[in-house]
Amino acid sequence: RDNQKYFDFLKLWTSVDPNEYSAAGPNTTPSDTSLFVYDTVVLAALALDKIEQRGQLSPRIPAALWTSTIIESSFEGSSGNIQMDESGDRVANISVSFFAPETRTFNISSLWTDEFRLQPVTDAVWFSNTTSIPDLDIRDEFDYWSCDDKEERTDPTGKEVSLHTPNGSNVDEIESHYHCDNFIDCKNMSDESTGCVSNFVAVFIAFGLITGLLILVTIGLLIFVCIFGVILHYSHLKVNSPTFLVIILLSTLLGYFSIFAWFGKPHPVACAFQPWLLGLSSISMIAALCVKNIRIWRIFRSELKRQKITDKEMFAYWFAAVLPVLVILTTWSIVSTPTAGIEDRNGEDHFVCTTGGFTGEPGGYIFFGILVGYGALVLFVGMMLSIAIRNVPAVLNESKLLAISIYNIGFLSAVGIPVFLVVQPINPFIAWILRTCAILYAFTVTMVLQFAPSVGYIVFVNRFKNVPVQMRSHSSSSTSLGNSITSSNTSTHIGTFNSSS
């Protein structure tokens, strides 16, 4: 402010009526902004004069012409020398000022020049009446859930805490809406156990204990069958084919173990094993029941022909029924790999089991439908065989127990699967309980129906003695079953189990 243009402007500024020009008039000083506005108008007028002198003036001046003319213009203004660089920015020294409320003036804090860059002049006094630079990054406070501390907290600054997404392996601070939303987002499950009505941890403990006890019972039965059926050849187990009793028990064990694949926060490995553990175990058990029905049907389908069925032949039937499941599951794992990832659930992102591979989400439903369809086909064959053998003289009512087991699994699948698919998107907590109860019910009831009669006869009726099984013929005569089972009447020969069946 030491050039003649400034003094000319100052004289004009102090001579005007303050009632007409606010902030101007006697005993006032123009602000930097006023000088900049004044020089801007002068610069535009000079550029317009140059355009007119060149004969380029028109009702609508192109922006490019405005820019090039202003860049090449320079003059001495009230705020100093006015000159533009090639980018259209003013070449000038810049001052950084702060307002002092005591004197109601702007004081220079630092200067910027092209030669010396930024030069501090004096410390700025901020609104806090200190020279400490204030935090200008003002954000709203927010609530968040701490997985490690198992409590909801608040970040008053809105920037001290970095929120994690649920897909991380070491998740701690997550958004507060993840708390008690029926989706497990913390590895320690604190978001669904602390202060929640739906307590996943309590449910996991309860069902874990029940499943563990059933696993011990199944292992006990497996040892029982191996000792009394495979080694000692007790008749009450032998007539039911110990080999296939072992297959049913192993399938039941695998089914129980599948429950633990759904425990805790989803993991890609656990999600990949879920269809294998549950799909293979359930259809393996159904196939074993169907093959036992095939054995009874073949033995009693002809009254005039003696039938002999070996365990190897029955095992071939069972393997033929299970082989398509292995193909379906292998193809599923390659083409539409089950994994875990972030998915939108009810408008929020959650880390859940989903479908990856080449197809993505639709492929998982397609292969699930194929697997369920094949299981339904095996169940249908078993039901038809149960109807076909409903009137045969079954040893220890085995045919009826097999039929009840197959009907029970079929009914449970027909009702349980649709209900689960409907409830899962609405309430994963209830859906988890329904699925687990269905698995426990299907395998446990089948195991009880298949083993309770034989174990009851051996332990409580026969007191661990190998008493031959009696099967009555149509004429009420009976034949003891030792190494073989033969049932006959006065005119026909029903059938026989050899020592290996």
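Colleague: Which residue does D149 form a salt bridge with?
Modeller: D149 pairs with R153, and the closest N and O atoms are 2.9 Å apart. A salt bridge here is a side-chain nitrogen of Lys or Arg within 4 Å of a carboxyl oxygen of Asp or Glu. This is a predicted model: local features need pLDDT of at least 70, side-chain atom pairs count only at pLDDT 80 or more, and totals for chains, interfaces and linings use all residues. Residues are numbered from 1 along each chain as its sequence is written, and side-chain values use heavy atoms, leaving out hydrogens and water.

Colleague: What else does R153 meet in a salt bridge?
Modeller: The side chain of E151, at 2.7 Å from N to O. Shared partners join D149, E151 and R153 into one network.

Colleague: How accessible is R153?
Modeller: R153 is partly exposed, at 32% relative accessible area. Buried means under 20%, exposed over 50%, and partly exposed in between (1.4 Å probe, protein chains only).

Colleague: How many salt bridges does a search of the whole structure find?
Modeller: Six. Among them, D137 pairs with R139, with the closest N and O atoms 2.9 Å apart.

Colleague: New topic. What is the phi of N182?
Modeller: About 75°, a positive value, although N182 is not a glycine. N182 sits in the loop between β8 (173-175) and α4 (200-231). Helices (H or I, at least four residues) and strands (E, at least two) are DSSP runs, numbered from the N terminus.

Colleague: Is N182 buried or exposed?
Modeller: Buried, with a relative accessible area of 17%.
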